[in-house]
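Please consult the sequence and the structure while reading.

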Amino acid sequence: MESKKTLTKKDINKLALRSVFLQSSFSYERMQAGGWTYAMLPALKKIHKNDKKALSESMQSNMEFINTNPWVSGFLMGLVVSLEENKEDRNLIKSLKAGLFGPIAGLGDAIFWFTVLPIVAGISASFAKSGSILGPLFFFICYSLVFASRFLWTNLGYKVGTNAIETLQKSSQLISKSAAILGVTVLGGLIPSYVNLNVVKTFTISAGQKFSIQHDFLDHIFPNILPLAYTLLIFYLLKKKKMNPVLLIFLTIVLAIVGSFFGILG
Amino acid sequence: MHEVTLIQGILLFIMAVICGIDMWLEGTYIFRPIIVATLTGLILGDLKTGIIAGGLAELAFAGLTSVGGTQPPNSVLAGVMTAAIAITTGKDPKIALALALPFSLLMQYVILFFYSSFSFFMRKLDKYAENADTKGFARINWTTMAIVGLAYGLMVFLCAYAAQTPMRHIVEAMPTWLINGLSVAGGILPAIGFAMLLRIMMKVELIPYFIFGFVFVCFIPFGNILPVAALGTAFALFEFFKQKNAVQTQPVANVKDEEDYSDGI
């Protein structure tokens, strides 16, 4: 197809920056649609110039339901903008967008929510434990880099065009899976590092002979067995019993207070 | 012990507006407890307590994401109030974390209200889209952001400044076992965050990696979790290259029909 490029590199970078507006008018009805359209407006305006009818059509089509991952949304924006620029068929743009926002959300969530966040939070928290400014600083720097990656995604989306979609879908699954491996390994390590659950109850066996449940029994089976058991219990209640996380938070606080009252936990 | 002055209250208001809008947009992640609590500590003149409170709250909220469909307790309020309560009452940040929870739940409900009521603006946006009215679009999107930002600012101001005296009285009147219990709770709460993450990430075939990470840190404790992250990266790359080679040796179906896209892929 003949492509008449009206957008410059600067426009695409501006789009990347504006992708931050994705959730600016978020509502349950159409999720990110309002912000999604708003973020792309300058680019759309430039493409459709004085053709008010085309601009209106494009805006209306973009106002359809969308819910994707904010950080990588730029990829989809770049792609849609390049299709608009080539004056592709409206239905093709619509269905491509509708078919891609889900997988892209899955990929973005797997990488940023479930891999980057636990790792960055875990490392930052270990510095912050002693009150070191390195903790928040490390966190801030990491997320500045994540923010900067918006430029990468948006430019990538603008460049790949439709023919790369297939490879993208294949590798997106692969990347999600690899990210999950990293995330789960780190999660396993976060539990002994940060969950504190100790039984302080001791029994006096004979004069001067004390038996501590924690030191003389639990620690002999496996270190950090209680934090692991409690995390897995909550996992089970969330996954199988579909319990509300907020309820579980309250039950945990009640358990801790009751346990502390009877001198069992401390 | 520390009193929040009016000027500090106003500074907290401004910070909450900025961090709140950032959270609404999921923009730069300055809305996470570790940043918000640090800024709160800076404003209240006790940076160190702010950072410690931030690290603690960050972990408890690590798994509480909006991804699972439910809106989690609010991390801005959790960060501000954990730091503010720890600094103003002089209690352990672990205790402050548990006490901050009601505030962060309250804000969660405010956000849920916005999510529902902002549907009203969609009608207007539809009309603007029909008329290609780009100015109207900007107006609505900035209005919604302004409403959200102000709500955060007011909430933080009221909770941290206006409610500080009753808060202090409550904390002072608490018996030791309750204080101790809240501190124990602060130590267990990260378990819920981690379990939330597991709920979404865990698959049967990933169990070996989970066991490995757990056992590794149990027996080789280190100041931070970078070593285990490095090993996790090694596992991830191993799997990535293995699968990538497997894909390449298979004949790749080359479908370019437009119809395939309209099937929803």
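## Domains of chain B

Chain B is divided into two domains, namely domain 1 (6-201) and domain 2 (203-249). The model is predicted. Between the C-alpha centres of domain 1 and domain 2 of chain B there is a distance of 33 Å.

## Contact between the chains

In chain B, 100 residues are in contact with 101 residues of chain A. The greatest contribution to the side of chain B that touches chain A comes from helix α9 (residues 176-201) of chain B, which gives 21 residues. By class, this side of chain B consists of 66 nonpolar, 24 polar and 10 charged residues.

## Packing of two helices

Two packed helices are described by the angle between their axes and the distance between the axes. For helix α5 (residues 93-117) of chain B and α9(B), the angle is about 85° and the axes are 7 Å apart. Angles of 65 to 115 degrees count as roughly perpendicular, and α5(B) and α9(B) are therefore roughly perpendicular to each other. Eight nonpolar, three polar and one charged residues make up the contact of α5(B) with α9(B).

Among the residues of α5(B) in this contact are B:Lys94, B:Ile95 and B:Leu97, while those of α9(B) include B:Ile179, B:Leu182 and B:Ser183.

## The residue B:Gly55

B:Gly55 is located in helix α3 (residues 47-60) of chain B. Is B:Gly55 buried or exposed? A residue counts as buried if 20 or more other C-beta atoms lie within 10 Å of its own; B:Gly55 has 30 C-beta neighbours inside 10 Å and is therefore buried.

Not counting residues up to four places away in sequence, B:Gly55 touches B:Ile34 as well as A:Ser124, A:Ala125, A:Ala128, A:Lys129 and A:Gly135.

Methods: Residues numbered from 1 in each chain as written. Chains lettered and ligands numbered in written order. Predicted model: local features only at pLDDT ≥ 70, side-chain atom pairs only at ≥ 80, totals over all residues. Contact = placed C-beta atoms within 7 Å. Helix = DSSP H or I, 4+ residues; strand = E, 2+ residues; numbered from the N terminus. Nonpolar A, V, L, I, M, F, W, Y, C, P; charged D, E, K, R; others polar. Axes fitted to C-alpha atoms, helices over the stretch in contact; angles between N-to-C directions. Parallel < 35°, antiparallel > 145°, perpendicular 65-115°, else oblique. Domains from an automatic or database assignment. Buried ≥ 20, exposed ≤ 12 C-beta atoms within 10 Å, placed from the backbone.
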